[in-house]
Amino acid sequence: GALRLGEGSRPLCLCFTGDGTALITGSSDGFIEVWDPALCRLRQDLVYQAKDELMLHDAPVLAVQASPDSTALASGCRDGTLKVW
């Protein structure tokens, strides 16, 4: 299968969670998205989504890394901002 990102969005970095159940992408538009790699589509079961929140930076995302136990995610963007989700 293939992942379909939004128009104008280019993935700049990615990582799998430790258990392999999610693929996380960081994009040129500042968005961080969590994908189901088996189904090749965005995950829809995450807590932040239920709150209508986004994982977003103000600049292109250059690095993403999931914690070994898949409970946290760190991201960094071009302007030097680091976030832990």
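S3 and strand S4 (residues 41-42) pair in the antiparallel sense over 2 bridges. Strands here are DSSP runs (E) of at least two residues, numbered from the N terminus, and two strands pair if DSSP finds at least two bridges between them. Arginine 41 in S4 is the bridge partner of aspartate 36. The S3-S4 hairpin has 4 residues between its strands, and cysteine 40 in the turn has a positive phi of about 55 degrees. The model is predicted, with local features needing pLDDT of at least 70, side-chain atom pairs 80 or more, and totals for chains, interfaces and linings using all residues. Residues are numbered from 1 along each chain as its sequence is written, and side-chain values use heavy atoms, without hydrogens and water.

S3 also pairs with strand S2 (residues 23-27), in the antiparallel sense over 4 bridges. Leucine 23 stands opposite tryptophan 35. In this hairpin 4 residues separate the strands, and glycine 30 in the turn has a positive phi of about 90 degrees.

In S3, 5 of 5 residues are buried, that is, under 20% relative accessible area with a 1.4 Å probe, protein chains only. Ile32, Val34 and Asp36 point one way; Glu33 and Trp35 point the other way. Glutamate 33 is buried without a salt bridge (a Lys or Arg side-chain nitrogen within 4 Å of an Asp or Glu carboxyl oxygen). The nearest side chain of opposite charge, arginine 4, is 13 Å away; Lys and Arg count as positive, Asp and Glu as negative, and His and the chain ends are not counted. Beyond four places in sequence, glutamate 33 touches Leu5, Leu23, Ile24, Thr25 and Leu42, contact meaning heavy atoms within 4.5 Å.

Notes:
Buried < 20%, exposed > 50% of the residue type's maximum accessible area, 1.4 Å probe, protein only.
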